[in-house]
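Open the model in your viewer and keep the selection tool at hand. This tour goes from stop to stop.

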Amino acid sequence: MRISEVKSTTREQRIAPHTHIKGLGLRDDGRAHAQADGFVGQESAREACGILVDLIKSKKMAGRALLLAGAPGTGKTAIALAISQELGPKVPFCPMVGSEVYSTEVKKTEVLMENFRRAIGLRIKETKEVYEGEVTELTPEEIENPLGGYGKTLAHVIIGLKTVKGTKQLKLDPSIFESIQKERVTVGDVIYIEANTGAVKRVGRSDAYATEFDLEAEEYVPLPKGEVHKKKEVVQDVSLHDLDVANARPQ
């Protein structure tokens with residue numbers, strides 16, 4: 001019997017030598033520090049890129065590109081990474097090496113097109129009707145299996161949500177409980193549930209539990225304001241590649 005491994009479709013990120021770069025290291029007047037944000041030297045280039053960042057933020061660089069030229073090791077990739085850091089954490093940055101392009105398995109045009117689409121970010125804003133709050137109760141209710149047998153089946157889930165203005169208890173369909181399990185929601189987490197689709201999103205751990213030594217908590221968030229049932233503007237930062245993957249996934 002022959003056993004072969006299935007290659008993962010997830011992209012493996014390289015451990016790059018530029019992880020210490022946090023920005024361009026500029027003063028308020030646009031002049032470069034001699035040593036700041038992981039940079040040493042290249043002060044003229046950093047000051048010029050600071051002007052470029054201001055142009056991008058003022059939306060005067062649309063449809064234009066920047067070419068950095070120089071010998072190996074002069075800081076071209078580091079400056080490109082610093083520009084993306086200055087523009088914010090939601091700006092995609094896709095470093096590449098020649099071995100990724102010259103591959104025997106994938107065509108060069110496909111590799112380049114995929115990275116181009118990874119580097120183009122979109123911000124999607126939607127107004128959705130949601131139930132949002134801190135989880136105070138999460139109780140699955142089981143009933144006897146209607147098909148017979150000795151096992152039980154999940155009938156519904158009782159979940160309690162709390163905000164600054166009040167609390168609400170909801171009875172959820174078993175399919176929504178599967179989404180809750182995928183998000184690993186527990187009592188004390190802040191979540192929101194879309195009223196139309198039933199999609200569940202874990203926002204973070206309530207800051208009331210900030211004194212606990214919880215190693216699995218990603219971040220602590222304040223208790224939501226307003227009512228539990230509300231209309232909320234949901235902002236998603238995605239790339240064109242993320243949309244391609246979502247559209248290619250079977251429904």
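**Before you start**

This is a predicted model: local features need pLDDT of at least 70, side-chain atom pairs count only at pLDDT 80 or more, and totals for chains, interfaces and linings use all residues. Residues are numbered from 1 along each chain as its sequence is written, and side-chain values use heavy atoms, with hydrogens and water left out.

**Whole chain**

Show the cartoon. The chain has six helices and nine strands. These are DSSP runs, numbered from the N terminus: helices are H or I with at least four residues, strands are E with at least two. Of the 251 residues, 25% count as buried. Buried means under 20% relative accessible area, exposed over 50%, and partly exposed in between (1.4 Å probe, protein chains only). Switch to the surface. The accessible area is about 17900 Å², and carbon and sulfur atoms hold 52% of it. Areas come from the Shrake-Rupley method with a 1.4 Å probe; for residues, only the protein chains shown count as cover.

**The cores**

Select I159, L161, L172 and I191. They have the most contacts inside the largest nonpolar core, which has 14 residues. Such a core is a set of buried Ala, Val, Leu, Ile, Met, Phe, Trp, Tyr and Cys residues joined through side-chain atoms within 4.5 Å. β4 (152-162), β5 (167-172), α5 (174-182) and β6 (189-194) each give two or more residues to this core. Now pick I21, F39, A78 and L81. They belong to a second, separate core of 12 residues.

Return to L172. Not counting residues up to four places away in sequence, L172 touches H156, V157, I159, I180 and I193. Contact means heavy atoms within 4.5 Å.

**R205**

Go to strand β7 (residues 200-206) and select R205. Is R205 buried or exposed? R205 is buried, at 8% relative accessible area.

**L87**

Select L87 in helix α2 (residues 76-87). L87 is partly exposed, at 26% relative accessibility. Beyond four places in sequence, L87 touches V53, I56 and K57.

**L112**

Finish in helix α4 (residues 108-118), at L112. L112 is partly exposed, with 35% relative accessible area.
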